[in-house]
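Q: I have a model open and want to learn how to read its features. Can you take me through them one at a time?

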Amino acid sequence: MESRGNVQWDALWIDARLATMAAAGYGAVEDGALAISDGHIAWLGRRADLADRPERLARAVHEAGGRWITPGLIDCHTHIVYGGDRAGEFEQRLNGATYEEIARAGGGIRSTVAATRAASLDELVASARRRLRPLLAEGVTTIEVKSGYGLEREAEIKMLRAARALGTVEPVTVRTTFLGAHALPVEYAGRADAYIDQLCADALPAAASQGLVDAVDAFCETIGFTPAQTERMFEAAKQLGLPVKLHAEQLSDQGGAALAARHGALSADHLEHVSEAGVAAMAASGTVAVLLPGAFYFLRETKLPPIDLLRRHGVPIAIATDCNPGSSPATSLLLMLNMACTLFRMTPEEALAGVTRHAARALGLQASHGTLEPGKVADFVLWDVARPAELAYRIGFNPCAQVVRGGRIAGPR
């Protein structure tokens, strides 16, 4: 460890077990210590390698009590900002109503669009905070939030403003994604190309000009938008200097994963129906596969994403809640770890990497987040567990003991 002379760290955690997630085997460091300065990790390693007594090295010394410390969790795919809910439709379906019948009666995504357009900015922020807080209590320190329930310029901008506001009223880093190409609004029925024209020429540039967009996404699917329409969104994003992501191959293989890879996408998400050609393209481009077990479960899907194929080609696999009112009303990232293991047969180590290291990469944050390494943002969580695998093993159990965000203790709340 480099000598620091009279310069002190801001804080030092000792008597910790570190799951750095920077190497195989959780990147584990037994009997470790972690120091922070200016909101970043300044040093970490074995406690025995500390050059001096802890109280001489840091202004504040915290005893971890043998707890495991992991990077802060990252939920890299959510639709957490929206108006209304769809619990009534859930009940209707279980009582025999079809999705088509509900949609014809004004339900489905149309009901969420109507409620989102009608909600004020403050109402959207308030309802999103209620969904966000359970995630924060489980150690989430970074979250991605998509638009896509406004489907017209001002409503999409309102959603993105609400997402940005979450990062000012709650201890969380927010990355925003413009998803205007989520569904075709009723005003453009039968005119999908005209709607894409409007998004590319008006809504997206307007949102980007206000600093509200970190990435651009689209729903490339038979019930969404064609590959050609998706490519136009990607070209518009490129003109604005914005990275892209894609809802791809959830219901069918439209070649979306390969399309995303050609555009250097940060991620392709869902991927139940992705082909080997699509996986190979993602591997070549470094595009992350974001798997969404909550939607798989809630929709009672049977087509599993090709985990072995993704492993074989070395595609990074992230895990997220996909929190949304229609197909994954999930506000527990820990539950997604368990589902990733039980439904998709991922290992606990793969699942934890999926909400730390690989989730950071899916948001373009790999240089600053996702692992415990010197120089990275000091977002980390202390857990009352005997081993990291316990985070994926238990169901309905939250062992989060402390959350540190940007070097400051932020929870539990």
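This is a predicted model: local features need pLDDT of at least 70, side-chain atom pairs count only at pLDDT 80 or more; totals for chains, interfaces and linings use all residues.

Q: Is Cys323 buried or exposed?
A: Buried means under 20% relative accessible area. Cys323 has 0% relative accessibility, so it counts as buried.

Q: Now helix packing. Which values describe two packed helices?
A: The angle between their axes and the distance between the axes. Take helix α5, residues 121-137, and helix α6, residues 153-169. They pack at an angle of about 55 degrees, and their axes are 9 Å apart.

Q: How are α5 and α6 oriented to each other?
A: They are oblique. The crossing of α5 past α6 is right-handed.

Q: Which residues make that contact?
A: On the α5 side they are Leu121, Leu124, Val125, Ala128, Arg129 and Leu132. On the α6 side they are Lys158, Met159, Arg161, Ala162, Ala165, Leu166 and Val169. Sorted by class, the α5 and α6 contact holds 10 nonpolar residues, three charged and no polar.

Q: What angle do α4 and α6 make?
A: Roughly 75 degrees, with the axes coming within 10 Å. Helix α4 covers residues 109-118. Angles from 65 to 115 degrees count as roughly perpendicular, and α4 and α6 are therefore roughly perpendicular to each other.

Q: Which residues meet there?
A: Thr116, Arg117 and Ala118 of α4 meet Ala155, Lys158 and Met159 of α6. The classes in this α4 and α6 contact are three nonpolar, one polar and two charged.

Q: How do α7 and α8 lie?
A: They are roughly parallel. Their axes cross at roughly 10 degrees and come within 10 Å. Helix α8 is residues 227-239.

Q: What makes up the contact of α7 with α8?
A: From α7 come Ala192, Asp193, Ile196, Asp197, Leu199, Cys200 and Leu204. From α8 come Gln229, Arg232, Met233, Ala236 and Ala237. By class, the α7 and α8 contact has eight nonpolar, one polar and three charged residues.

Q: On to loops. Where does Val81 lie?
A: In the loop between β6 (73-75) and α2 (87-94). Val81 has 1% relative accessibility, so it counts as buried.

Q: What does Val81 touch?
A: Leave out residues up to four places away in sequence, and the list is Leu124, Ala128, Arg131, Val145, Tyr149, Met159, Ala162, Ala163 and Leu166.

Q: Where is Pro185?
A: In the loop between β8 (173-181) and α7 (192-209). Pro185 counts as buried because its relative accessibility is 4%.

Q: Next, backbone angles. Which peptide bond is cis, with omega near 10 degrees?
A: The one from Gly411 to Pro412. Pro412 sits in the segment after β16 (408-411).

Q: What is phi in Tyr26?
A: About 70 degrees, a positive phi in a residue that is not a glycine. Tyr26 is in the loop between β1 (9-19) and β2 (28-37). Its relative accessible area is 14%, so Tyr26 is buried.

Q: And what about phi of Asp38?
A: Phi of Asp38 is positive too, near 50 degrees, and Asp38 is a residue other than glycine. Asp38 is in the loop between β2 and β3 (40-46).

Q: Is Asp38 buried or exposed?
A: Exposed means over 50% relative accessible area. Asp38 has 69%, so it is exposed.

Terms used:
Residues are numbered from 1 along each chain as its sequence is written. Side-chain values use heavy atoms; hydrogens and water are left out. Buried means under 20% relative accessible area, exposed over 50%, partly exposed in between (1.4 Å probe, protein chains only). Axes are lines fitted to C-alpha atoms, for helices over the stretch in contact, and angles run from 0 to 180 degrees between N-to-C directions. Helices (H or I, at least four residues) and strands (E, at least two) are DSSP runs, numbered from the N terminus. Angles under 35 degrees count as roughly parallel, over 145 as roughly antiparallel, 65 to 115 as roughly perpendicular and the rest as oblique. A crossing is left-handed if the near helix is turned anticlockwise from the far one by less than a right angle, and right-handed if clockwise. Contact means heavy atoms within 4.5 Å. Ala, Val, Leu, Ile, Met, Phe, Trp, Tyr, Cys and Pro count as nonpolar, Asp, Glu, Lys and Arg as charged, and the others, Gly among them, as polar.
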